[in-house]
Amino acid sequence: LSERLGGVLDKLTRQGALSEADVSTALREVRVALLEADVSLPVARDFVKAVQEKATGQNVTKSVTPGQQVVKIVHDELVHVLAGDTKDIGALKVDSPPAPILMVGLQGGGKTTTTAKLAKHLTEKQGKRVLMASLDTSRPAAMEQLETLGRQINVDTLPIVKGQSPVDIAKRAKQQATLGGYDVFMLDTAGRLSIDDALMAEVAAVRDVAKPHETLLVVDGLTGQDAVNTAENFDSRIGITGVVLTRMDGDGRGGAALSMRAVTGQPIKFVGLGEKMDALEPFHAERVAGRILGMGDIVALVEKAQETIEAEQAERMMKRFQKGQFNMNDLRNQLEQMIKMGGMQGMMGMMPGMGKMAKQIEDAGFDDKILKRQIALIQSMTKKERANPAILQASRKKRIARGAGLEVSELNKLLKMHRQMADMMKKMGKMGKKGLMRQLGG
Ligand code: GDP
Ligand code: MG
């Protein structure tokens, strides 16, 4: 796909803002990438639409093409959608013992394996005492499968009693967990090959008895379009609190992850990466996003280009300061950077030895609104005034303030700040880079 994007999109090498046409062309390819990754059709369509609105009008970074830029925007949005409320990733509600965890999903999705993997995780990583119970009365040897895994990982399983219903087993598990002082009890339910009413009724009955703190839907990450159907059914009829995607060690592109998020709105908490008991990891949105798009190289390229340009700008500014040059255009650049970088810290972080000044300016009570007013004042100056603010007398000041819709007193404050900054720059310039670092406590 990278190649195809390259072919179509490298023709769009103009700089400047992304036009609607640029975005549409790139997004057609992105949509194909999503579908190839097994994202369900309606989910892919909605996602692309949302990105279209966000991307149009954004600036294209120098040395990347608009197409590449769009891919980066898509990637970031994908990470955003996949990660959601990040604190839920890799975390389970297991604080009030005995905390019930209900495992649901289709047959063969990886419920039993994941139950054991999670039990191991909770035991070893969080020091919990876990009891596992198999409620799978439909498949011969299903209960023994969990028992065997339990022995392997040193986690207790509820003794098998043949002939009990899933609800009865759930009750027994709860009782045993309470009496035995367990922190967590996990209920591994039976699956079906496809969604059916009998299955849903059975799982709902178990849910009502167990009152789970977590209901995890275990889904094969390789399933494509019907993953949505599965998720929709389990979520609406049982109510899930999270998703575990299994078989992410396979060749699949993991598009099911996006579908799951879109349909249930619940966090993807873990991914299964193999049959072994420790092949379980907290979900990484970045990794899965890169995999779904299959365009990791483009994303890295755009990030690199952006970094380079920011570094170049900072370097250029630093050189000017060292020569004692700091006019209104420089100040304006600074103010704009501050807004863009979301405050002083980020901006000053780019320039060596600016920590002290960052603190001073912060203490002066800066926020976006003030910054924008100051930029408006500078914009209202002529070219000559900007290059040499010393020429500003009363009449010019009045005109500038009026032009920005502000008071002269506000302009005076800006000019004072500029003088102070220019002085500081001059001093720093004289010190040279080394002296500067020493002076500023580097
Ligand atoms: P259940 O019917 O939902 O309980 O599914 P099982 O837990 O019995 O798993 C079905 C098969 O999938 C077993 O052979 C597992 O070893 C395998 N499996 C489960 N999770 C993963 C995974 O993350 N990666 C791989 N490669 N295989 C898995
Ligand atoms: Mg099973």
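Colleague: Where does Asn154 lie, and why is Asn154 called exposed?

Modeller: Asn154 sits in the loop between α6 (142-153) and β5. The model is a predicted one, and in it Asn154 has 10 other C-beta atoms within 10 Å. A residue is exposed at 12 or fewer, so Asn154 is exposed.

Colleague: What makes the phi of Asn154 worth a remark?

Modeller: The value is positive, about 65 degrees, although Asn154 is not a glycine. Most residues other than glycine have a negative phi.

Colleague: Arg247 also has a positive phi, I see. Is Arg247 buried or exposed, and how do you know?

Modeller: Phi of Arg247 is near 60 degrees, and Arg247 belongs to the loop between β8 (242-246) and α10. Around Arg247 there are 21 other C-beta atoms within 10 Å. The threshold for buried is 20 or more, so Arg247 counts as buried.

Colleague: What class does Gln164 fall into, and why?

Modeller: Gln164 has 14 C-beta neighbours inside 10 Å. Since exposed requires 12 or fewer and buried 20 or more, Gln164 is partly exposed. You will find Gln164 in the loop between β5 (156-157) and α7 (166-179). Gln164 and Leu135 are 29 residues apart in sequence, with 9.0 Å between their C-alpha atoms.

Colleague: How do you know that the peptide bond joining Pro97 and Pro98 is cis or trans?

Modeller: Omega is about -5 degrees there, and the bond is cis. Pro98 is in the loop between α4 (66-83) and β3. As a rule, most peptide bonds are trans.

Colleague: Which residues of α9 are buried, and why do you say they line one face?

Modeller: The buried ones are Ala227, Val228, Thr230, Ala231 and Phe234. Seen down the axis of α9, the buried residues fall within an arc of 160 degrees, so they line one face of the helix. In general, an α-helix has 3.6 residues a turn, so residues three or four places apart point the same way. The cover over the buried residues of α9 includes α3 (41-55), β3 (99-104), β7 (214-220) and α10 (256-264). Just after α9, Gly239 takes a positive phi of about 85 degrees.

Colleague: What makes β5 and β10 edge strands?

Modeller: The eight strands form an open sheet in the order β5-β4-β6-β3-β7-β8-β9-β10, with mixed pairing. Both β5 and β10 (280-282) pair on one side only, and that makes them the edges. For β10, the pairing with β9 (residues 268-272) is antiparallel, over three bridges. Two bridges are enough to call strands paired, so β9 and β10 qualify. Within β10, Pro282 is the bridge partner of Phe270.

Colleague: And ligand 1: how many residues surround it, and which are the closest?

Modeller: The shell has 18 residues, and the closest are Gly110, Lys111, Thr112, Thr113 and Gly272. Helix α5 (residues 111-126) gives the largest share, three residues. By type, the shell around ligand 1 divides into three nonpolar, 11 polar and four charged residues.

Methods:
Residues are numbered from 1 along each chain as its sequence is written. Chains are lettered from A and ligands numbered from 1 in the order in which they are written. This is a predicted model: local features need pLDDT of at least 70, side-chain atom pairs count only at pLDDT 80 or more; totals for chains, interfaces and linings use all residues. Helices (H or I, at least four residues) and strands (E, at least two) are DSSP runs, numbered from the N terminus. The arc is that of the directions from the helix axis to the C-beta atoms. Two residues are in contact if their C-beta atoms, placed from the backbone, lie within 7 Å. A residue is near a molecule or strand if its C-beta atom, placed from the backbone, lies within 6 Å of it. Ala, Val, Leu, Ile, Met, Phe, Trp, Tyr, Cys and Pro count as nonpolar, Asp, Glu, Lys and Arg as charged, and the others, Gly among them, as polar.
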